[in-house]
Amino acid sequence: MTDKQAFQLRFATRNELANLPWFEVDHDEIVLADKTVGPVIDTHTHYSLPTLPIHQIDLGAETPDSNLLLARCCAHHLDIRANQCFSPAELKALKRDLIVGGFTGRGKRPDHTAPNLARDMRSMNVVHSVVLGIDMPMPNKHPERTLQTARLRSEVTGYGSVHPRAIRSHERFQEQMHLGARGMKMHPPNQLVRPDAPSAMRLYRYCGDENIAVFWHSGPAGIEPKIGQYFGQMKFYERPIRELPNTQFVLGHAGSLQHREAIRMQKQYKNAWLEISGLSLAQLKEVIDEADQDRIVFGSDWPFYHPVLPLAKVLILTHERPQLRSKILHDNAARLLEMTGNR
Ligand SMILES: [Zn+2]
């Protein structure tokens with residue numbers, strides 16, 4: 001394999017990634033230029049993040065700029081974790097947008113729509129995306145609105161979400177399945193629940209019985225409040241994977257800062273998958289070198305990040321390894337979606 005140091009790894013803006021051999025700038029947007037790359041499946045995306053239900057963001061509207069949380073003018077460095085690309089001031093603005101925007105419906109959320117997601121994905125030859133709802137421990141209709149939008153669009157598959165301790169969690173998830181949910185997203189740090197809570201275990205078992213996947217945010221990311229870091233500890237993820245071998249578990253962000261724990265679990269349990277969004281190039285190299293390469297899937301975490309950010313890392317690390325490249329970018333996710341009764 002070519003030494004990764006042969007490639008530029010630090011970019012002052014998103015469009016600067018066009019310095020890499022696979023991309024170019026077209027109408028001021030970074031696009032994939034190398035037609036041999038892809039097709040790609042992105043297993044980790046969201047429409048506008050949760051707000052109070054009184055705010056009706058039009059998820060069907062196309063707007064000129066996707067206005068991603070890591071903005072086009074921000075540094076896009078590959079040798080650090082994605083969330084380290086935010087400067088201290090940008091991180092403050094991000095947190096303000098996530099929290100204040102959740103209560104007011106303002107900020108960047110109105111640009112995180114289905115047509116904008118589709119446009120950014122097309123630009124990178126992403127042919128299918130999994131869109132994840134997130135049920136927060138506050139009133140919200142995020143999963144339902146995600147699913148209602150996703151079901152009208154052929155380029156996405158919607159996953160639902162219920163807080164494990166919500167009243168009627170089972171019935172509510174069944175309703176989401178009627179809206180087309182083909183998986184369940186769980187976010188322990190945001191939901192303030194341990195992934196091995198008994199109420200969560202019951203939901204995972206149900207997902208296994210219904211042959212749909214569980215998609216977790218996994219591991220501490222380092223930028224969340226201390227309490228969230230506790231709920232994201234990788235040691236809490238092992239029991240569900242071990243005790244429920246008929247449920248497929250996707251470890252979103254591949255364990256984040258605890259990627260080595262996630263790699264160990266993925267190797268040990270055949271029902272564990274690693275999704276790679278947010279990892280640094282060095283972490284991703286460890287995932288590729290050490291984990292089972294048949295259960296690594298691509299993800300961007302749009303609207304946090306443009307898919308070019310993780311794609312650049314995969315392309316560098318799979319340079320001159322075309323089979324491995326198509327496994328990670330497409331084939332593994334296609335198999336997962338098929339296994340979980342989808343498409
Ligand atoms: Zn996410």
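Start by selecting β6 through β10: these 5 strands make an open sheet in the order β6-β7-β8-β9-β10, with parallel pairing. Strands here are DSSP runs of E with at least two residues, and helices are runs of H or I with at least four, numbered from the N terminus. Two strands count as paired if DSSP finds at least two bridges between them. This is a predicted model, so local features need pLDDT of at least 70 and side-chain atom pairs count only at pLDDT 80 or more, while totals for chains, interfaces and linings use all residues. Residue numbers start from 1 along each chain as its sequence is written.

Now colour the edges of that sheet, β6 (183-186) and β10 (296-297), each of which pairs on one side only. Zoom in on β6 and β7 (residues 213-217), which pair in the parallel sense over 4 bridges. Pick Met186 and you'll find Trp216 of β7 opposite.

Next stop: the other sheet. Select β3, β4 and β5, which form an open sheet of 3 strands in the order β3-β4-β5, again with parallel pairing. β3 (40-45) and β5 (156-159) are at the edges with a single partner strand each, so one side of each has no neighbour in the sheet. From one strand to the next, the twist averages 15°; angles run from 0 to 180 degrees between N-to-C directions, with axes as lines fitted to C-alpha atoms (for helices, over the stretch in contact).

Stay on β4 (residues 126-132), which runs parallel to β5 and is joined to it by 4 bridges. Leu132 has Tyr159 in β5 as its bridge partner. Helix α3 (residues 142-150) packs on this sheet, touching β4 and β5, with its direction at about 155° to that of β5. Helix α12 (residues 322-339) packs on the sheet as well, touching β3 and β5, and its direction makes about 65° with that of β3.

On the β3 side, 4 bridges join β3 to β4, and the two run parallel. Click Asp42 to see Ser129 of β4 opposite. How many residues of β4 are buried? The count is 6 of its 7, where buried means 20 or more other C-beta atoms within 10 Å of the residue's own, exposed means 12 or fewer, and partly exposed is in between, with C-beta atoms placed from the backbone.

Centre on Leu251: beyond its neighbours within four places in sequence, its contacts (C-beta atoms, placed from the backbone, within 7 Å) include Trp216, Tyr237, Ala262 and Leu274.

Then jump to helix α1 (residues 88-104). Its 17 residues reach 23 Å from first C-alpha to last, close to the 24 Å expected at 1.5 Å a residue, the expected span being 1.5 Å times one less than the number of residues. Within α1, Leu94, Gly101 and Gly102 are buried. Gly105 follows α1 and has a positive phi, near 75°.

Finally, zoom out. The chain has 12 helices and 10 strands, and its C-alpha atoms fill a box of roughly 55 × 45 × 40 Å along the principal axes. Of its 343 residues, 50% count as buried.

Note on methods:
Two residues are in contact if their C-beta atoms, placed from the backbone, lie within 7 Å.
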